[in-house]
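Here is a quick walk through one protein model, written for someone who would rather look at the structure than read a table. Keep the viewer open as you go.

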Amino acid sequence: MGVDKNKFKTDKIVTIERHILEQQRFHPEATGVLTQLLYDIALAGKMIASQMSRAGLAQILGKTGDTNVQGEQVMKLDRLADETIYILNDHTGRLAVMASEEHEDVLSIPDEYPVGKYVLLFDPLDGSSNIDFNVGVGTIFAIYQRVTKEGRGTMEDCLQPGRNLVAAGYIVYGASTMFVYTTGHGVHGFTLDPSIGEFLLSHEDIRIPNIPTYYSVNQGYFTRWSPGIQKYTQHLQSMTSETKSISMRYVGSLVVDFHRTLLSGGIFYYPADISKPEGKLRLAYEAVPLAYIIEQAGGSASNGYGPILDVTPTSLHQRSALYVGNTEMVKEAEDYIRIYG
Ligand code: AHG
Ligand code: MN
Ligand code: MN
């Protein structure tokens, strides 16, 4: 007498661990360490989500009073998310080195702990300017294999082109908390079931829809943009798809704007402008991981001139313009930049 599957109202309960183990068949050389690393990141996401859900009560809203290497105000939850990810990963022996948006230099593995073969870059809390207003935010991560041969990992291990990525993903703390990742075999989304504290597979093999629904850009900066971006945006404002105009959504948290673009179809872009000639978003731990995800989901990501994944970072916090979403929309943005500047 087997298990009555009807009792579970589903034929399969797929946790992140089960899914990654099933993905391992694509990686004969896999030893399970990457599975454990992704699980550590998911645990950090659960802890951050838990803190966030009662931030207003736990006196952890607001600013720390410090400014980070970006010259930005560090929010208490930035600091909390950053520390949570670091302490869950500094002792496991899975990483050679880490790097975070919140720290100028790389984060070395403490001498008392072993080092491993992976490199973890992360934006611990993305969209933190929104956190005090209960607007969705996220965590973004990128995973490489180390390129240095032994000892503690170095900056060289962190400055790799996106084509070297082993895995990338994000956690979006929205109406529900989702963990979305790829190891190069499709993009898969898991939703946190708070009643059991487990991420369960809810969006298998996500593909960006061919029909765009939204474009997403901060139109408040229109006067600072180049003529090409101004004309491209005006083109979108008159664009229709399937006989209706596409609408505009802009939350101001990259992970939320990206996640909606991934699921709804369309384009998100953060152009360079006269006040931010390199753009605002950071290449290594914002644009590159999301570029890997969108390409795995059938879309594209560009800096306005070519694929984000082909750019080799020269500094850890280097910024980049970002155009990400349906391939034909990204290509069209590149055309407007090429033609109008
Ligand atoms: P972070 O909170 O990690 O610094 O990232 C904020 C970024 C990104 O989340 C978002 O797309 C962008 O800032 C919004 O910038 P504007 O407020 O200039 O539109
Ligand atoms: Mn960010
Ligand atoms: Mn951040």
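Are Glu101 and Leu125 buried or exposed? Glu101 is buried, and Leu125 is too; buried here means under 20% relative accessible area, exposed means over 50%, and partly exposed covers what falls in between (1.4 Å probe, protein chains only).

## Before you start

This is a predicted model, in which local features need pLDDT of at least 70 and side-chain atom pairs count only at pLDDT 80 or more, while totals for chains, interfaces and linings use all residues. Residues are numbered from 1 along each chain as its sequence is written, chains are lettered from A and ligands numbered from 1 in the order in which they are written, and side-chain values use heavy atoms, with hydrogens and water left out.

## The two manganese ions

Start with the manganese ion (ligand 3). Its protein donors are Glu101 (OE), Asp123 (OD) and Leu125 (O), lying 2.2 Å from it. Donors are N, O and S atoms within 2.8 Å of the metal (3.2 Å for Na, K and Ca), and sites may look incomplete because water is not among the atoms. Along the chain, the donors of this ion (ligand 3) are spaced E-x21-D-x1-L. Glu101 sits in the loop between strand E3 (95–100) and strand E4 (107–108), and Leu125 is in strand E5, so this pair ties together parts that are 24 residues apart in sequence. Helices (H or I, at least four residues) and strands (E, at least two) are DSSP runs, numbered from the N terminus.

Now for the manganese ion (ligand 2). Asp123 (OD), Asp126 (OD) and Glu286 (OE) coordinate it at 1.9 to 2.1 Å, with the sequence spacing D-x2-D-x159-E. Asp123 is in strand E5 (residues 118–126) and Glu286 in helix H7 (residues 283–296), so the pair links parts that are 163 residues apart in sequence. Asp123 bridges ligand 2 and ligand 3, and these manganese ions lie 3.7 Å apart. Asp123 is buried, with a relative accessible area of 0%, and Glu286 also counts as buried, at 1%.

## The eight-strand sheet

An open sheet of 8 strands runs in the order E4-E3-E5-E6-E7-E8-E9-E10, with mixed pairing. Two strands pair if DSSP finds at least two bridges between them. The edges are E4 and E10, each pairing on one side only. E7 and strand E8 (residues 177–182) run antiparallel and are joined by 6 bridges; Ile171 has Phe179 in E8 as its bridge partner. Helix H2 (residues 33–53) packs on the sheet, with E3, E5, E6 and E7 among the strands it touches, and its direction makes about 165° with that of E6. Helix H3 (residues 76–89) packs on the sheet as well, touching E3, E4, E5 and E6, at about 160° to E5. Contact means heavy atoms within 4.5 Å, and axes are lines fitted to C-alpha atoms (for helices over the stretch in contact), with angles running from 0 to 180 degrees between N-to-C directions.

At the E10 end, strand E9 (residues 187–193) and strand E10 (residues 198–203) run antiparallel, joined by 5 bridges. Thr191 stands opposite Leu200 in E10. The hairpin of E9 and E10 has 4 residues between the strands, and Gly197 takes a positive phi near 65° there.

## The five-strand sheet

Another open sheet has 5 strands in the order E14-E11-E15-E17-E16, again with mixed pairing. Its edge strands are E14 (247–248) and E16 (300–302), each pairing on one side only. E16 and strand E17 (residues 322–325) run antiparallel, with 3 bridges between them, and Ser302 stands opposite Tyr323 in E17. Helix H6 (residues 254–264) packs on this sheet, touching E11, E15 and E17, at about 155° to E15. Helix H5 (residues 227–237) lies across E11, E15 and E17 and runs at about 150° to E15.

## Where the domains meet

The protein divides into domain 1 (16–203) and domain 2 (214–340), with bounds from an automatic or database domain assignment. Their centres, taken over C-alpha atoms, are 23 Å apart. The contact takes 49 residues from domain 1 and 34 residues from domain 2.Together they bury about 2,900 Å², 63% of it on carbon and sulfur atoms; buried area is the accessible area (1.4 Å probe) that two parts lose on being put together, summed over both. In domain 1, Leu159, Arg163 and Tyr170 lose the most area to domain 2.
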